[in-house]
Amino acid sequence: MSVLVFLDQADGHITKSSFEAANYASKIAEQSGTTAEAIVLGTVADDLSVLGNYGVKKVHTVSDPSLNNFDAQVITNVLAQAVAATGADVIVFSNSAAAKAVAPRLSVKLKAGLVSGAVALPDFSNGFVVKKTVFSGKAFAHIAVTSAKKIITLNPNSFTIEMGSGIAEIMPFAATIDTAKVTVTAVNKITGEVSLSEADIVISGGRGLKGPENWGLVTDLAKLLGAATACSRPVADIDWRPHHEHVGQTGLAIAPNLYFAIGISGAIQHLAGVNRSKVIVVINKDPEAPFFKAADYGIVGDAFEVMPKIIEAVKKLKQA
Amino acid sequence: MKILVCISKTPDTTAKIAFADNNTKFATDGVQWIINPYDEWYALVRAIELKEADPSTILHLVNVGAVDCEPIIRKALALGGDEAIRINSENTDSFYIASQIAAVAKEGAYDLIFTGKETIDYNGSSIGGMVAELLDLPYISHAFKFDLEAGNALVVREIEGGEETNKVALPVVVSCQKGMAEQRIPNMKGIMGARSKPLKITEPIAADSLTTVGSFDLPPAKAGVKLVSPENPEELVRLLHEEAKAF
């Protein structure tokens, strides 16, 4: 018996949200008197023994480069073999693109109940109950998993890591790898940008910025704070900004430490995607903008006057 | 070619989210029900476009739900599609629902199965992947571009911080999101035509549920916004740094 966590990688590096998932898995293991083990697929450049600091005892690696080609069916079959070999009865993923493709398949293969988008550790007081976001972030549900094996995908930025110290044992895992049916023919990734779903700080702009030429107010502040940039739906719809920056009910749901919204009125669909942010700042010239009701801090004012001063003040703070 | 599009009934995106019966049930009073936007705007409309490009395409819709799903099924048929199948069952467990859809899909031997990337109520993102595994088919999730080329599907899907192009031979299951197609409004001809399209009702197969919904809760209310004067935006930076410790 153990808890197995799938570590996602991007360009050979373990993702930030995978470290959260690893620590989350180790806390589940602690509570159920077992140990957490991890599995990594494909070629990885990182030193995996540091996973010990997150509570993981063993890291199983399948470093076959064919696994760099993502086919959910192939990955699922490798993970099922790892589950059998480790005897895991709880499998944890960070709720990433890979998890969304693989976790449901694995759920069927193992007949394991799946809770996707978990935001807290399972409650063992009455079975195995996991809190997750529902209604696109407007509410939470407590889901009881009734099957013997269980799968959880953990939302990024939902679980606070508690570091310990330890060295994880690295163990190559000999898996049978199927021939992929899906071929990746092209990858187009924006490198050097902070990943929006994992970012601690997100600076976001709406129609109030009047045009893509004014986006320097968003990107300058983001650069100073090491933040990711986002936008409201109308802004993506009229192609001022790329679609992958759209946060809200039909876009990405995020939960950063700080969400800084400039010129966004805060329609209910937008709030759904950002209301799990810890601190929300709203800059809007309309005092009636609904976003102020969901905000922690705000300025009722013209972004074109206010933002340059804010950027200057942050610059000074960073230099101090 | 045969296409199956899975559609689900969800509350309208502006519906008030509240709970009844000691927070164990979604409060449905006054709620408008719609086709899950990902199922409608992206999965269904893209399937209709494929049928428009090749009129010999057979397009079926499937829904797992009770009789109160029929208005949204008729609306979907008004947009397009040849017939709909309603599997007469209410359930919230994704494995159970996927098992029902897989049974219908197997029977119909479809070349292409489309779902939305998730429903806007349970946000499970799981039906497509589960159906694919149940049918032993490849699965591409979160697609925002889909084209056919000589028996292959060329699909662009979202990955963290970018996109990936996949090539796969049919049959395949694809979950769809924004970008796949443009939202359409049913026209009068479609609405009239939908009335005479077949809506078949089948009873569910025996399948397990692996999860149950216990209770719901709402996020804690915010304490209220602290407003800073537009004359002194530097104060906001100070508060975020010293009070909120946000940077």
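In strand E12 of chain B, B:Val174 is the bridge partner of B:Ile140. Strands here are DSSP runs of at least two residues and helices are H or I runs of at least four, both numbered from the N terminus, and two strands count as paired if DSSP finds at least two bridges between them. The model is a predicted one, in which local features need pLDDT of at least 70 and side-chain atom pairs count only at pLDDT 80 or more, while totals for chains, interfaces and linings use all residues. Residues are numbered from 1 along each chain as its sequence is written, chains are lettered from A and ligands numbered from 1 in the order in which they are written, and side-chain values use heavy atoms, with hydrogens and water left out.

### Paired strands

Strand E9 (residues 139-149) of chain B pairs with E12(B) in the parallel sense over 3 bridges. Strand E8 (residues 112-116) of chain B also runs parallel to E12(B), to which 5 bridges join it, and B:Thr115 stands opposite B:Ser175 in E12(B). Because 5 of the 5 residues of E12(B) (residues 172-176) are buried, this strand is largely enclosed by the rest of the structure; buried means under 20% relative accessible area, exposed over 50% and partly exposed in between, with a 1.4 Å probe and protein chains only. B:Val172, B:Val174 and B:Cys176 point one way from E12(B), whereas B:Val173 and B:Ser175 point the other way, and all are buried.

An open sheet of 6 strands, with parallel pairing, has the order E14(A)-E13(A)-E15(A)-E16(A)-E17(A)-E15(B). Its edge strands are E14 (228-231) of chain A and E15 (226-227) of chain B, each of which pairs on one side only. Between E13 (residues 201-205) of chain A and E14(A) the parallel pairing extends over 4 bridges, with A:Val202 opposite A:Ala228 in E14(A).

In chain A, E8(A) and E9(A) run antiparallel and are joined by 6 bridges, A:Val130 having A:Ile143 in E9(A) as its bridge partner. The two strands form a hairpin with 4 residues between them, and A:Phe135 in the turn has a positive phi of about 50°. E8(A) is largely enclosed by the rest of the structure, because 5 of its 6 residues are buried.

### Aromatic rings

A pair of aromatic rings is described by the distance of the centres and the angle of the planes. Rings of Phe, Tyr and Trp (its six-membered ring) pair if their centres lie within 6.5 Å; planes under 30 degrees apart count as stacked, over 60 as edge-to-face and the rest as tilted. Over all chains, the structure holds 15 aromatic pairs. One is formed by A:Phe135 and B:Phe19, whose ring centres are 6.0 Å apart and whose planes stand at 55°, so the pair is tilted. This pair crosses between chains, from the loop between strand E8 (129-134) and E9 of chain A to strand E3 (residues 19-20) of chain B. B:Phe19 also pairs with B:Phe26, with centres 6.3 Å apart and planes at 65°, so that pair is edge-to-face. Together with B:Trp33 and B:Phe216, the residues A:Phe135, B:Phe19 and B:Phe26 form one aromatic cluster.

B:Lys9 lies over the face of B:Trp33, at 4.1 Å from the ring centre; a charge sits over a ring if NZ of Lys or CZ of Arg is within 6 Å of the ring centre and within 35 degrees of the ring normal.

### Buried residues and cores

| Residue | Relative accessibility |
|---|---|
| A:Phe135 | 5% |
| B:Phe19 | 14% |
| B:Phe26 | 16% |
| A:Ser147 | 7% |
| B:Ala47 | 0% |

A:Ser147 is placed in the loop between strand E9 (139-145) and strand E10 (150-154) of chain A. Leaving aside neighbours within four places in sequence, A:Ser147 is in contact (heavy atoms within 4.5 Å) with A:Lys111, A:Ala112, A:Gly113 and B:Leu210. B:Ala47, in helix H1 (residues 37-53) of chain B, has contacts with B:Ile3, B:Val5, B:Leu59 and B:Phe114, again leaving aside neighbours within four places.

A nonpolar core is a set of buried Ala, Val, Leu, Ile, Met, Phe, Trp, Tyr and Cys residues joined through side-chain atoms within 4.5 Å. The largest such core has 54 residues, and those with the most contacts inside it are A:Ile39, A:Leu41, A:Leu79, A:Phe93 and B:Ile113. A second, separate core of 41 residues includes A:Leu7, A:Ile152, B:Ala15 and B:Val31.
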